[in-house]
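Hi everyone, thanks for making time this morning. I'd like to walk you through one model and start from a single spot before we zoom out. Here it is on the screen.

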Amino acid sequence: MIIRGKAHKLGDDINTDDIIAAKYLVSTDPVELGKHCMESIKPDFAKQVSEGDIIVAGKNFGCGSSREHAPLAIKGCGIRAVIAPSFAAIFFRNAINIGLPFLESEDAARINDQDQLEIDLASGVIRNITKDEMYKTQIFPEFLRELVRHGGLLNYIKEKERGQSHA
Amino acid sequence: MDLALGNDITAPLAISEFKKAGFARVFDNKKIALVPDHFAPAKDLKSANQCKALADFAAEQKIKNYFEVGCMGIEHALLPEKGLVGPGDLVIGADSHTCTYGALGSYATGVGSTDLARAFIDGKCWFKVPENIKFVYKGKLKKWVGGKDLILFTIGQIGVDGALYCAMEFGGPVISNLAMDDRFSMSNMAIEAGARAGLIEPDEITLEYVREVARTQGHKDTRTQGRKDTREKKYAGLKSDADAFYKKIYEWDVSALEPQVACPHLPSNVKPVDSLKNVTLDQVVIGSCTNGRISDLRIAARILKGKKVKAGLRLIVIPATQHIYRQAIREGLLEIFVKAGGVVSTPTCGPCLGGHIGILADGESCLATTNRNFIGRMGSVKSFVYLSSPAVAAASAIKGKIAHPDEA
């Protein structure tokens, strides 16, 4: 799967309250949540995102609460992947579970805001078209990639069950 | 797993995912706990509907451990008190502060709503096994210094990602002498350093707590609904191996440690209380899953007794569970808070996450015994949240600015 879009740069330790403030946790609709994505730190963020764009952040992205509304809000505003040197553990599993692709890369720092990027999820290679650079990332273990391929944990469980009942 | 937990924010999403995926029955109606605590008693129509989603699902699935307003409490204070979590248990909770139960020697960790939905289906969860980091605290704590100060100090030292993906293990002579409520405060904030768990080896203090819970619950395991509680036995062998591998070991003599305060806007921005004397406050909150337990209220009441809250400052006290609330009534603590000019709320997470009962206006500052001080966490994105122990919070409410408990 190839993702193409422009980079939106964010800092270190972007927490789940930054991604989606608690006052919006009275909805579970990704589109509704998406409208308020990053509102506390970048009020116009959702308006600046075009479908297919990519968040490029600093270390410890998604720290704080367990709210799955955070990756849902990111997906809902049109972002298709997140690149950061490291991710907070619960965000990590939530993103995998809902099928939001993300890549761990120290090269995130080399990417500038608005750079045009192309990500090959199968190989984990990021191409920076604007700067004409390539960044290699560590691909996840097969089990986790399978979850993302299935579009999330519950789809994976469902299809596994279906497979077993047909066998 | 032994228990899967959800609340009024995370469970509605799990319930709709569970149903959308076409599943009809939960795997075990005794191993699921549903606690409407974040926006409950419902703060508005939307949160009322979310709370109702929990109640309806609990009724439909005959979930035993659903706690309606009136027996409800903040989940991480409530579950240990009800004996639903204990030494040696594997617990997942769709709430980041699920790591609180590590204080009992339970591997308890925060997950998301989809994880909870999956647990509803088959009681399973995928895990990435964490590496361990050991924290050894030596010396003797000064007066007014407790578990909250230790964990704030620790996060200040290692940073908000200092234990990323790791399990923190707290030990040493200071921990051996630390009361259970203080241990809960420490394990509770392990997530604030990025950790998956905050573990403390079960000892006599743990065992005494577990016994007391068994007594109040009639010596029945509430999770198995009626069977005799056998978990006391389970705890005996729970020790870290002598040759256990640690990614890192920190060792600190904390004898000189002063009460600690985390400044806006990260829990790692920690300073000793004495360096913050000119911070004036609009609000003080004493409560939350970190510090809303009975010993937290006792220490605050000890300082506030016969004193008045500074004019113009709002003091909000929130006992974490109904049990603690009643205990505080019996001991006269609520009388002390109200007489001092504070207000007392029924159990709720409320202001901690900017839900209700104490939202901050533009430019306001608050000192809270809660666990996070991110931008906009308690309301306005232009407000400021400081984190401390209940002792510092009570003294600061009297002074109207951040103060050492000795000054009150």
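Let's begin at B:Gly400. Setting aside neighbours within four places in sequence, B:Gly400 is in contact with B:Thr280, B:Leu281, B:Lys310 and B:Leu313; contact here means that the C-beta atoms of two residues, placed from the backbone, lie within 7 Å. Take B:Leu313 from that list: 87 residues separate it from B:Gly400 along the chain, yet their C-alpha atoms are 6.4 Å apart. You'll find B:Gly400 in the segment after helix H14 (390-399) of chain B. Helices are DSSP runs of H or I with at least four residues, strands are runs of E with at least two, and both are numbered from the N terminus.

Is B:Gly400 buried, exposed or partly exposed? With 16 other C-beta atoms within 10 Å, B:Gly400 is partly exposed. The cut-offs are these: 20 or more other C-beta atoms within 10 Å of a residue's own make it buried, 12 or fewer make it exposed, anything in between is partly exposed, and the C-beta atoms are placed from the backbone.

Before going further, a word on what we're looking at. This is a predicted model, where local features need pLDDT of at least 70 and side-chain atom pairs count only at pLDDT 80 or more, while totals for chains, interfaces and linings use all residues. Residues are numbered from 1 along each chain as its sequence is written, and chains are lettered from A and ligands numbered from 1 in the order in which they are written.

Now the whole of chain B. It has 14 helices and 16 strands. Its radius of gyration is 20 Å, close to the 22 Å that the globule rule gives for 408 residues, so chain B is as compact as a globular protein of that length. That radius is taken over C-alpha atoms, and the rule is 2.2 Å times the number of residues to the power 0.38. Along the principal axes, the C-alpha atoms of chain B fill a box of roughly 55 × 55 × 40 Å. Of its 408 residues, 58% count as buried. And among contacts in chain B between residues at least 6 apart in sequence, 75% join residues at least 24 apart.

Chain B is divided into domain 1 (3-122) and domain 2 (260-407), with bounds from an automatic or database domain assignment. The centres of the two domains, over C-alpha atoms, are 27 Å apart. Where they meet, domain 1 of chain B brings 18 residues and domain 2 brings 17. The domain 1 side of that contact divides into 8 nonpolar, 6 polar and 4 charged residues. Nonpolar covers Ala, Val, Leu, Ile, Met, Phe, Trp, Tyr, Cys and Pro; charged covers Asp, Glu, Lys and Arg; the others, Gly among them, are polar.

Next, a sheet in chain B. Which order do its 5 strands take? The open sheet runs S3-S2-S1-S4-S5, with parallel pairing; strands pair if DSSP finds at least two bridges between them. Strand S3 (65-66) and strand S5 (107-110) of chain B stand at the edges with a single partner strand each, so one side of each is left without a neighbour in the sheet. Strand S1 (residues 3-7) and strand S2 (residues 32-35) of chain B are joined by 4 bridges, and B:Leu5 has B:Ala33 as its bridge partner in S2(B).

A few backbone details to click on. The peptide bond from B:Ala40 to B:Pro41 is cis, with omega near -10°, and B:Pro41 sits in the loop between S2 and H2 of chain B. The bond from B:Pro264 to B:His265 is also cis, with omega near 0°. B:Tyr165 has a positive phi of about 65° although it is not a glycine.

Finally, the partner chain. Chain A has 7 helices and 7 strands, and 52% of its 167 residues count as buried. Where the chains touch, chain B gives 38 residues and chain A gives 33. On the chain B side, helix H1 (11-20), helix H2 (45-61) and helix H4 (113-122) are the elements that give two or more residues. H4(B) gives the most, with 6 residues. By class, that side has 16 nonpolar, 13 polar and 9 charged residues.
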